[in-house]
Amino acid sequence: MDMRDMTAMEIGKEIREGRIRVGEAVEFCMKQIEEKEPKLNAFISVCEKERLQKRIAEVEQGIKDGVYQGGLAGVPVAVKDNICTVHMPTTCASRMLEHFVSPYQAEVVRRLENAGAVIIGKTNMDEFAMGSTSETSAFGPVKNPCNPEHVPGGSSGGSCAAVSSGECFYALGSDTGGSIRQPSAYCNVAGMKPTYGTVSRYGLIAYGSSFDQIGPIARNVEDCACILETIAGYDRKDSTCVKRDVYDFMDGIKSGVEGLRIGIPEEYLKEGLQKEIREAVKKAAEWLKECGAKIEYFSLGLTEYTIPSYYLIACAQASSNLERFDGVKYGFRAKEYEELHEMYKKSRSEGFGMEVKQRILLGSFVLSSGYYDAYYLKALRARTQIKQEFDKAFAKYDVLLGPVTPTTAPPLGESLKDPLAMYLGDIYTVPLNLAGLPGMSLPFGVDGKNLPIGLQIFADCFQEKKILRTAYTLERAQQRREQ
Amino acid sequence: MKKIDDEMMESLSVLSKLYLTEKEKEKMKEELWKILDYVEKLNELDTEKTKPGVHVFENSNVFREDVVENGDMCEEMLANAPAKKDGQYEVPKTIG
């Protein structure tokens, strides 16, 4: 079997059973990177050869000794460049952190390495994860492997493009308002945002702290479940981390959807949604019905208030989180300055890109005296009400189904002209972040231009397993029809 | 709703510690205004009796004993400093 078509778990099995060596799997990815990077620009850094050889030897020995027994041992992985690693720079795709090498590992990186993963590189993204196209990167835009004239989505565009193109077998991304799910939909890969607090944020460079979650990006649903099992877990270094009862996300994934109550929010199918995506959602609903699920269309309240609430809160938290970049302890410092204050201001002005500056300014505005109540608190109150709407929905349904994005991937160079229009494109993804819900983007066919369509499957907090069961069922149904 | 004027832009650039060129200021003013105009929509909601939802789960503060757990990482930390001197961060003179 060609490695090109294999999932992370398949590669893992081949490695464990001695048919593929760790070095061969890594070599395969390196070759893909060499061939495809000039066009895609999915990576910001690739691991140095010497370090890589050392790690390969370590992992091969570890597998032999039975230290690494999990499904991902020896499988090459890419990590989004806002997740701290000690062996490679962590730039957040910003001039501000261009030469930053973290003195500590992010908790997810520690967990990956404990499972025998080989981290081959750090992926490109929107600067500080702010954007929906991976075009705001200080290191140039990422191209969509399905069609390089189009964006891969963002902000985890590099991670999704790398998995989609075969440069790695799986990747980690982060999702603040859809940054895993949206590029997954655009790039034809499966991506999941877990329930807030499931994966430690320790070592994830903060954007909107009350929304940020790290999650898996892979070629299929089972891989996502396996990766999530590897990276999830309580961590006292992240005070928002939740102690959950259940972490065995693989368990029961194949048990089907018989009797599952699945709701489709009518508001998610209204005007503004590309016709082929609407049809895909309806087709998926039919298939799930054939598999024994109960499907119902229903009205989900307050959908139109999610974007305003989300952007005010996200920018407020961003402006506060990004205060730390002052050119003193790490990061970019301007060359010329007279005194301390000027050093701060010049360093920040030269180090940050325009999209980041705009969000900091908006955040400073909504947090400033005289506007705090009217904007920030108002948005937080709206958030509570939006969460209540979801609580009502989950009293009736186990799982919700809908689109990930209003359209398939837009052409490069169009979205940044009108930021507000770009923000509106996040309408189906941000509600989950506001309410902390887990959600998944599953590849589900293509549109007339051959661009991938993603389905969003989501559920109440801590109900990842219901999502994975539903997604797995749909994935199998697709495969059966293709055969 | 008050339009973002030059005075407000000036104050925001102080709060954000960002210098903006005249051209940037004009562009930002316009973008911010568009966004703020759009988020006005939230005022349609009656939120008088609703509590602000800062976090999804109502965690109370999480405390731990104030014990140092990591070792001395002075060198690693300073390796990222834009300027350093004698094992410390170097900044411009702050007291006259």
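**View 1. Helices and strands of chain A in the predicted model.** Chain A is built from 15 helices and eleven strands. Its radius of gyration is 21 Å, close to the 23 Å that the globule rule gives for 483 residues, so chain A is as compact as a globular protein of that length. The C-alpha trace of chain A spans about 70 × 55 × 45 Å along its principal axes.

**View 2. Burial and contacts in chain A.** Of the 483 residues in chain A, 60% are buried. When contacts between residues at least 6 apart in sequence are taken, 75% join residues at least 24 apart.

**View 3. Helix 9 and helix 11 of chain A.** Helix 9 (residues 306–321) and helix 11 (residues 354–367) of chain A have axes that come within 7 Å and cross at roughly 100°. Because the range for this class is 65 to 115 degrees, helix 9 of chain A is roughly perpendicular to helix 11 of chain A. Residues of helix 9 in the contact include A:L312, A:C315 and A:A316; among those of helix 11 are A:R359, A:I360 and A:L362. By class, this contact of helix 9 with helix 11 has eight nonpolar, four polar and one charged residues.

**View 4. The contact between chain A and chain B.** Chain B gives 39 residues to the contact and chain A gives 53. On the side of chain B that touches chain A, the elements giving two or more residues are helix 1 (6–15), helix 2 (22–39) and helix 3 (74–79) of chain B. Helix 2 of chain B has the largest share of that side, seven residues. By class, the side of chain B that touches chain A has 24 nonpolar, eight polar and seven charged residues.

Technical notes
Residues numbered from 1 in each chain as written. Chains lettered and ligands numbered in written order. Predicted model: local features only at pLDDT ≥ 70, side-chain atom pairs only at ≥ 80, totals over all residues. Helix = DSSP H or I, 4+ residues; strand = E, 2+ residues; numbered from the N terminus. Rg over C-alpha atoms; globule rule 2.2 N^0.38 Å. Buried ≥ 20, exposed ≤ 12 C-beta atoms within 10 Å, placed from the backbone. Contact = placed C-beta atoms within 7 Å. Nonpolar A, V, L, I, M, F, W, Y, C, P; charged D, E, K, R; others polar. Axes fitted to C-alpha atoms, helices over the stretch in contact; angles between N-to-C directions. Parallel < 35°, antiparallel > 145°, perpendicular 65-115°, else oblique.
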